[in-house]
Amino acid sequence: MGFTVSDELLGTIVPIVVYWVYSGIYMCLGSLENYRLHPGSDEDEKNLVSKQTVVKGVLLQQTVQAFVAILLFAVAGSDDGVSAQQSTSFIVLVRQFVTAMVVLDTWQYFLHRYMHENKFLYRHIHSLHHRLVVPYAFGALYNHPVEGLLGDTIGGALSFLLSGMSPRTSIFFFSFATIKTVDDHCGLMLPGNPFHFFFRNNSAYHDIHHQLYGTKYNFSQPFFVMWDRILGTYMPYSLEKRVEGGFEARPRKDVKDD
């Protein structure tokens with residue numbers, strides 16, 4: 001039996017809804033200045049793009065992702081129902097999740113790093129995302145459309161196909177990946193955050209990358225830091241209390257420009 005239309009639609013709609021709901025929660029929590037990595041005023045003073053433009057850019061990217069996802073699910077649905085049957089096994093689900101996480105991390109690390117190292121790609125494509133010097137939750141998917149297609153859409157498609165998960169399972173995986181990506185950009189270090197307990201790749205880790213001294217480091221996203229550690233682009237950091245309240249992520253080693 002093939003995949004149902006409802007699974008395909010849910011697989012495209014749910015992660016989008018999760019993105020905006022979870023972003024909204026974090027924007028409300030942004031009033032907790034004692035847990036912010038930057039003062040709230042920095043979002044308007046230091047960022048080089050308006051929040052209205054960010055919203056439009058994210059909606060465009062999500063539209064493209066939804067279109068590609070529907071096509072991908074339609075093609076995958078032409079196979080037999082083995083994946084749907086396997087999804088009942090917890091061990092299989094864990095294997096599929098871990099495989100998808102590693103595939104997505106690997107794809108995004110090398111693409112992300114190359115977009116920094118290639119001056120043309122950085123200037124004309126990836127620099128759009130770095131207009132958010134002070135990241136915030138709903139800016140997590142603010143990218144150039146080309147980067148969104150290459151990084152998130154194709155990366156997501158590869159993780160889906162290579163992990164062997166069903167569209168129904170992918171609803172949970174991509175919702176989880178969406179929440180993790182939003183968390184990485186939220187600019188908050190909340191106590192008891194389970195993502196910070198299980199993953200070294202967190203909001204402070206990614207905040208380092210968004211600063212001028214960190215653009216050659218901490219390329220890993222959204223789950224692990226293995227590629228940064230293996231390939232020498234890992235920048236250790238410390239969290240220090242700001243006098244006016246909140247935290248500041250600072251590198252624990254000197255960084256010299258090449």
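Helices (H or I, at least four residues) and strands (E, at least two) are DSSP runs, numbered from the N terminus. The model is predicted, so local features need pLDDT of at least 70 and side-chain atom pairs pLDDT 80 or more, whereas totals for chains, interfaces and linings use all residues. Residues are numbered from 1 along each chain as its sequence is written, and side-chain values use heavy atoms, with hydrogens and water left out.

Over residues 12-32, the chain is 86% helix and 0% strand, and 32 Å separates the end C-alpha atoms. The unreviewed UniProt entry lists "transmembrane region" for residues 12-32, 53-76 and 88-111; such annotations may be inferred rather than shown by experiment.

Helix H10 (residues 203-210) includes His210. This residue counts as buried because its relative accessibility is 4% (buried: under 20% relative accessible area, 1.4 Å probe, protein chains only). A polar atom of the His210 side chain lies 2.8 Å from the backbone oxygen of Leu132. Leaving aside residues up to four places away in sequence, His210 touches His129, His130, Leu132, Val133, Pro135 and His185 (contact: heavy atoms within 4.5 Å).

The largest pocket holds about 330 Å³ of space. A pocket here is an open set of points on a 1 Å grid where a 1.4 Å probe fits, with protein on both sides within 12 Å along at least five of seven lines; lining residues have an atom within 4 Å of a point. Of its 13 lining residues, His116, Glu117, Tyr122, Thr215 and Lys216 are the closest to the centre of the largest pocket. Helix H5 (90-117) and helix H6 (119-124) are the elements that give two or more residues to this lining.

Note on methods
Grid points are joined across faces, edges and corners, and a volume is the space filled by probe spheres set on the points. Buried means under 20% relative accessible area, exposed over 50%, partly exposed in between (1.4 Å probe, protein chains only). A polar contact is a pair of N or O atoms within 3.5 Å; within protein, one must be able to donate a hydrogen and the other to accept it, and residues adjacent in sequence count only if both atoms are side-chain atoms.
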